[in-house]
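Hello,

Here is the structure I said I would pass on. My notes on it follow below.

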Amino acid sequence: MSWLKWFSKSITRQTSTLLVLILTMSSLFLLFYFYQTQTTEIKQITKQMAEQLISSLASTNAQHVHFENHYLAWIEVKSQLKNNEQQIKKGSLFKITEIVLLDLNGDVFSHSSPINHPLKQKYTGQRLDGPMPINELDSLTFTWIQANGVEAIRLYDKLVYQDRIVGTIILQLDLSIFQLYQDGLAKNFLVYLLFVIVAAMITGLVFGQWVSSPMVLIKASLKNMGSGKVNLSQLHHRADEYKTLAKLIEETDKNLFISQSRITLLLDSTAEAIYGLNMNGICTFCNLACLSMLGYKKTSELLSQNMHTLIHHSYADGSPYPVTDCLIYKSFSTGIKVHIDNEVLFRKDGSSFAAEYWSHPIIVDELIIGSVVTFLDITDRKRADKKLSHQASHDALTGLINRFEFERRANWLFSIKEDDEEHAMCFLDLDQFKVVNDNCGHVAGDELLRQISMLLQSKVRKSDFLARLGGDEFGLLMEHCSLDRARKIAESLLKEIQNYQFVWEGNTFKIGVSIGLVVITKAINNVTELLKQVDAACYIAKDEGRNRVHVYNADDADTALRQGEMQWVPQIHQALEENRFCLYAQSIMSLKGPRHKHYELLIRMISKEGTVIPPGAFLPAAERYNLATLLDRWVIENAFKMLAAHPEFQQQISFISLNLSGQSLADEKFIDFVITQLKNTNIDGKIICFEITETAAISNLSRAIKFISTLSGLGCKFALDDFGSGLSSYGYLKNLPVDYLKIDGMFVKGIVDSPVDRAMVKSINDIAHVMDMETIAEFVENDAIMEMLRNMGVNYGQGYTIDKPTPFGEVLNQTSEVQVQVQNAATNEKENGDVELPRRKKTMN
């Protein structure tokens, strides 16, 4: 096996060895053939000479036997032996060792040995072993024998005298000389063979080198294949296939170099780190991003290295990472792409970084030969994800957890709650926060929220979850906390905020907080129900005078009311989506004689069954749960569309009053919405009067002044609704540029019987006139009230005794009908003279 391994490693060895074997075997065959031919030829010549010799002896000695002349026969034999000795000296290849003449009886007649030779006695009077009887000897017989360990020839021939057989001659020749010659020939053969082998080896090596040298050159060039530097110009002078092959290899090298350069450029231009592995986990290639991320400078530092041992040897906690657990190597055996985004890789300096990697098996002819691994350093992404996660779960202004995270932790608390465990939740709503925000601006409001957050955070337990739920609202989730303990914590927070003073630009503000408290028991099914309860408890705390703690009790009448209001929230949303609201109009009459009509538009909800729901049922819920602005937008959009569709109605009225909530005044985008609607419908602002309540205006004083000033510039009018209900200072009127004061109905309806109400109404009316404002009295329920208001000098009245709310669409249609009748009457007047015009009848609903 080692010889075969040696033989298979070199084409020069293979070529030279094969040539040597071919030349040697061919030479050996030729030499052996020559040796055999020479040996056979010499034997043939020896045989012929022996035959000639015995024939000569037979003819010479036949007469001696016939005449029985023993002596002459012996002399003749001796003479022949002597002559043979001389022939040997001249180079004869055989020696006569024995000549025997036999008579017809087979007895020895003469022998070449001396008279007393043992053989004579042996043959005399006996038959020789081996010779055939005379009568059976037809011709010369030639036999190869061994005599005394030496190869010999024994010949038998008939003695014929005058055509009559007289005996037999036996000639035995010693071939030891022939054997010496043959041995010499064999030695020469071996010398020639050795020479041929050496010559064959030299020839084979030289010729093999000549034949294989192009292949060796090509083999060496293939090691640099793809480098673009393969040079086989040494083979260009050849006229055989090597020249074509050399040029093909050079062209392939250039093409491969271009292709590899493109691949390298592509690999190095990507931000992803990429390296290749063989089935042993050894690196076969890598790109620049891989070197950079791992802290290496040269590709050679990674090539031929076990990448798991080098960069993937440990988990993030430092514990060993067995290669058998590594998914990269598992992809080898499964042939499936793997993706991991939660492991670490190690740099050259030993530091680690978070990495996301993919391993793609390399499959050739359905056989997995390795994989390509791509990875990214996701340290920054992890940091950004952590930051985003924190931002997603925390309030950016205060750093507290946000509503989403608060509810998530509340859900978690529900999931681990046991029957015998008590937990609690607080809902905190700051009082007088808007005063700071409106008077000092949002920057001051944000700073106040930050300081309050730090104050609250410093007073709660480490196990509690404090969150900013939105605006000036906070939530507190207290784990493993009884009602008594939760109440004490809530009251301590209340006290801290009461004692807190906020200083901004030399001004000092004191705020309060209304706190709702709910004990989390097994009776509460989910977080949604819990939030409803704690929200209701907080609103009760506000309604009871603010700056206090209210513990939720399902049996409280106030709680039942708040929960009833909460039921309207989804109904309001659904009615908005399905456009199940409508507008009613109630006329406002001048108390000083006939003038153009004035109307106030009022919103109604239409139930799924088609019944009309009055605003008193759903507006409190809309105000409380911040849905009032959505309703205001619906009213303005639809009212403007209906007015735009009836331009004749616009000509017959002085103004249309639309109610705005305090939430709309606080909405910075609302004023832009109103302006856009005016432009889109081409409504003249002079026929629009916005009614805002006294409480809403004072609560959002700066924003209310800006709102009034901006829309007044477009011709819109403003009325201060329910004036007197808030018992506010008349000083606010100086800063509110309104056109009308609407006197609260709780004073108007009692002026006939109550001197106090009468004095209040008169006072409000007088002050308004002094400030160049007109007054509108609400709740004019009978003629006595209307007459007394007229006597006081009140400008307008509104109430059931004047007109009940009527669907706005009907009012518009009636106006259109009247307009048509007027036009027809005018036409008839021209044709027939004066005709009495019809009067519009008051619609009472």
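To begin with a helix pair: helix H12 (residues 433–440) and helix H13 (residues 442–459) have axes that come within 6 Å and cross at roughly 145°. Please keep in mind that this is a predicted model. On the H12 side the contact is made by Phe-433, Val-436, Asn-437 and Cys-440, and on the H13 side by His-442, Ala-444, Gly-445, Leu-448 and Leu-449. By type, the residues of this contact divide into 6 nonpolar, 3 polar and no charged.

Next, the sheet. It is open and has 5 strands, in the order S12-S13-S11-S16-S17, with mixed pairing. Strand S12 (465–470) and strand S17 (549–551) are the edge strands, each pairing on one side only. From one strand to the next the twist averages 20°. Strand S11 (residues 423–431) and strand S16 (residues 512–520) run antiparallel and are joined by 9 bridges. Asp-429 has Ser-514 of S16 opposite. Helix H15 (residues 527–543) packs on the sheet and touches S11, S16 and S17. The direction of H15 makes about 145° with that of S16.

In soluble globular proteins, nonpolar side chains tend to be buried together. The largest nonpolar core here has 78 residues, and those with the most contacts inside it are Leu-658, Ile-688, Phe-690 and Leu-789. Helix H19 (residues 628–644) supplies the largest share of this core, 7 residues. What is Ile-688 in contact with, leaving aside its neighbours within four places in sequence? The partners of Ile-688 are Phe-640, Leu-643, Ile-656, Leu-658, Leu-678, Ile-683, Cys-716 and Lys-717. Another core, of 36 residues, lies apart from the largest one; Leu-397, Leu-449, Leu-493 and Phe-509 are among its members. Leu-449 also takes part in the contact of H12 with H13.

One loop residue is worth a look as well. Ser-607 lies in the loop between strand S19 (597–606) and strand S20 (612–613). Is Ser-607 buried or exposed? Ser-607 counts as buried because its relative accessibility is 11%, and the cut-off for buried is under 20%. The side chain of Ser-607 makes a polar contact, at 2.6 Å, with the side chain of Thr-611. Not counting residues up to four places away in sequence, Ser-607 touches Arg-580 and Ile-613.

Regards

Definitions and conventions
Residues are numbered from 1 along each chain as its sequence is written. This is a predicted model: local features need pLDDT of at least 70, side-chain atom pairs count only at pLDDT 80 or more; totals for chains, interfaces and linings use all residues. Side-chain values use heavy atoms; hydrogens and water are left out. Two strands pair if DSSP finds at least two bridges between them. Helices (H or I, at least four residues) and strands (E, at least two) are DSSP runs, numbered from the N terminus. Axes are lines fitted to C-alpha atoms, for helices over the stretch in contact, and angles run from 0 to 180 degrees between N-to-C directions. Contact means heavy atoms within 4.5 Å. A nonpolar core is a set of buried Ala, Val, Leu, Ile, Met, Phe, Trp, Tyr and Cys residues joined through side-chain atoms within 4.5 Å. Buried means under 20% relative accessible area, exposed over 50%, partly exposed in between (1.4 Å probe, protein chains only). Ala, Val, Leu, Ile, Met, Phe, Trp, Tyr, Cys and Pro count as nonpolar, Asp, Glu, Lys and Arg as charged, and the others, Gly among them, as polar. A polar contact is a pair of N or O atoms within 3.5 Å; within protein, one must be able to donate a hydrogen and the other to accept it, and residues adjacent in sequence count only if both atoms are side-chain atoms.
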